[in-house]
Structure formats: C-alpha cells, structure tokens
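Let's take a walk through a protein model together, one piece at a time. Have the sequence and the 3D view open as you read.

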Amino acid sequence: MSVSVAFRTNTALLGLAALAALAACSGSGGPPVAPIRTSGSTPTSTATTAPTAASSATPLSTPAPTATPARTAGPTSSPAPTSTPVSTATPAPTATPVPTTTPSTAPTTAGCPFSITEYPLPNASSQPKNIVAGSDGALWFTDPGTNSIGRITTASQTVTEYPIPTASSNPFGIAAGPDGNLWFTEMDAGKVGRITTGGQIVEYTSANFFRPWNIAVGPDGELWFTDYSSGAVGEISTSGVGSPEYAVPGEGAGNDREPFGLVDGPDNAMWITDFANGFIDRMTSAGTVTNSYVLGGNSEPDYIAVGPDGALWFTLSFEYAIGRITTGGTVSYYTTSETVGGPYSTGIAAGADGSMWFTLNAYAIGRVTSAGTVQECSTPTHLVNGVTSLPFGITAGPDSAMWFTENVAGKIGRIPVTGTSPVARRRAFDLR
C-alpha cells in the first residue's frame, strides 16, 4: 500500500526550502521485513577526575515567539500535497561575550570501577551507530554497515537485524516514539523511517528532508530531528504529518550551521547542539529559538541528554571534557582523560546510578558520578585492523544496565549498573 504524507504549513516560521511530496516505501499494515540474520551472541569480557567551576553563558538573542503551526490532515493515499515555502529570513545572531571557565586539574587514572561485556554482532559488516531502549524491552540500534535496524535482547543477547527498503540509506539516529514504535533517520536517503517492534518498516520523505541526522521525541509528542545539510531542525508526527523545518542561528546556511544532537529538556523545550558554531540552542515547540549559548574556545558540542539533576549534559569533540548547562545558561566542564579515550567524546546518557555515562572515540567508556568525579574504562576490544573500536551511542536499558555500540568493532557492549535514579523523564503520552 502506498502512503502519501500531508504537511502542516506556517509561513511565519523560520525554515528553508519549499516542501514537496512525501512517498513511503511500505505500508504500516504490510508484512514484517525479513531479518538479515538472527543469532545469540557470545560475550567477551573485560580513570578518575574532578569537575571544573561553573560559568554563566549569555544568550545570543531572544526572538519574539511565533505562533504554533496549524496541522493539516494526516497521511492519505491521495496525490502528494502541494507545499508552502518557508521563510528563510533568519537574522544573524548578535555577538556576545564568550563565557569564562575555570580550568580543571588534570585527571588521574585509577583501576576500572565497572565491568564491560561485549557482544559481537552476527554480520561481519555491521557498524552500529546509535542505540535506544524500545517499548518491547529490547535495545534497538542503527547499523549503516548492513543498512538495517538492529535489535538485541537483554536476557539472551539474541540479535535480529531488519533491512531498510531503501538501499544505502545510511541509518543514523534512532528514538523510541510515544506510539511504541522506533523512529530513525536515513541520512543519505533523506528520509525518516518508522519500524514496529515486529519489524515492519515505513519510510517518509520530502523535498524538505535533506540529510536527517539525530532524532528525539519533543515536548509535543512528535519526532524532532536535526538536518545536517540544511542547518535546521525538522519535525514529524507519529502519523506522518510533517512541518516546515526550523532554522537555527549561525553564520550562514547549510554546513555553516550544523545542529547535531537534540533532546526534550526539563523546561518543555528542545535543546540542540550546533557542532559548527559551538552553540547550545533552546527552541520552543513552535520552532522559535529563544536562547543561543556560546560555549567558546574550540568547543564543538555533539550529543546532549537530560541528567537526573535536571541539567543538560553534552559531549564535546576535540576537547577533553564533558559539558553541563542548566536551563538558566550556567555552564560547567568535567575533564576527561587524555590517554584512555582520546579527545572525542560522543554519546551520553543518564544512568540508574545517578551518573552521566558517555563514550570516548578511541576505546573507552566513561561516567561523571553524582559527586562530579570522572571515571573511565577501556573496552575489551581496543583495535580492529589498526583502527580503534570507536564506542559511539549509549543508552540506559530496561535492565538498568548501560548499553553502547562499538562502530568499528561491530559489537554491542553492556555495563551492569545498580541504582534507582530515574534515567529519563516520562510524560503523559509515554504512559501506554
């Protein structure tokens, strides 16, 4: 069954090019996609710092709120809808002072305080990227190496991978939707996909989707994603209704603005990292950027997550630190090791122990404890054909353990965690 996707429009919102037709590659009622391979995985088995002082970041600008876009009808099998151009008149942000920070002391290395187990994926070409807990109690991940969406169970570590209908789509971000399905991005195909826990895949596309990157559930219960090529943020409902993309402040269009990570903050707004400009942006559910915080230096923020303390925590490229920003704009940094993990921190997620867990680009996993201590451990696999194993995405599982991907090693890792700290905020629409 073919599916057309209708879009809501609002010319008052910031955004980019005109929207064109959407086409889906399979219907929601179709048969499950055949798995690539299913198998049980054989496990293989397998340092301390202080925080810096806080600083107060100044917002770049506070634009006037815009009206919430009106929604059009949901997907139908009728011809593709016509599109409405979106305004591209995004004013450049005004210059503001860069926040100052107090340098931290160099980290010290201690014995590994936690254990890591790795589970090899059954397909030799697997390159898992991002990972999330699904509504079925399993972990789901994107695998661009096999052009599939993978699933691993917590009890037996059985792996199943479901091929994406569009070839060479380069799946990247993944999120658990409020509808019980998993939603993912296809960077090279310019699509947003949905997969049920039974393996049925539907893809949504539009001329307004350029290179969707990361994806997360927003305060309105819709799926929000960053768009690498357009330098904007997009939104699509669980019924496939999209909106014009919302531009973020920056030096120009496209790659001069690189919104990357995003998360629904404790203040019911989306918090977005801008890799290219070193910004942390706050955006309302109407698509208005109310604040842009300049991190300064060579900061290139990547992933961002809500911590159990109600602050936003983020990783940084080429900086030996993990960042923290309050909803009021106060920034702190926590120094990571220069020897174990390398400078590039990637994924980050809250754990049941009250810590923030993160991946490091070489071959290490780290955490910032509730006391502000940074601890790191090497993964059992260090190198694969001379290349580091590259831990990437990380999430808290339904078993309270931390689960992460190793992109180059083609493995899924697990770290037992004890504690009762909430790992994610749940809204009314999450309670099914």
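Strands β15 and β16 make a hairpin with four residues between them, and in that turn Gly231 has a positive phi of about 65°. (Strands here are DSSP runs of E, at least two residues long, and helices are runs of H or I with at least four, numbered from the N terminus.) This is a predicted model, where local features need pLDDT of at least 70, side-chain atom pairs count only at pLDDT 80 or more, and totals for chains, interfaces and linings use all residues. Residues are numbered from 1 along each chain as its sequence is written, and side-chain values use heavy atoms, with hydrogens and water left out.

Trp224 has Glu235 as its bridge partner in β16. What about β14 (residues 212-217)? That strand pairs with β15 in the antiparallel sense too, over four bridges, and Pro212 has Asp227 as its bridge partner in β15. Five residues sit between the strands of the β14 and β15 hairpin, where Gly221 takes a positive phi near 80°.

Now for the rings. The structure holds 16 aromatic pairs: rings of Phe, Tyr and Trp (its six-membered ring) with centres within 6.5 Å, called stacked if the planes are under 30 degrees apart, edge-to-face if over 60, and tilted for the rest. One of them is Tyr119 with Trp403, stacked at 6.2 Å centre to centre with 25° between the planes. The two are 284 residues apart in the chain, and both are buried. Tyr303 and Phe392 have their planes at 85°, so that pair is edge-to-face. Tyr303 and Phe392 also belong to one aromatic cluster, together with Phe172, Trp213, Tyr228 and Phe260.

Finally, look for sulfur. A search of the whole structure finds one disulfide, that is, a pair of cysteine sulfur atoms within 2.5 Å. This link joins Cys112 to Cys377, with 1.7 Å from S to S, and the two cysteines are 265 residues apart. Cys112 is partly exposed at 43%, whereas Cys377 is buried at 1%.

Terms used:
Buried means under 20% relative accessible area, exposed over 50%, partly exposed in between (1.4 Å probe, protein chains only). Two strands pair if DSSP finds at least two bridges between them.
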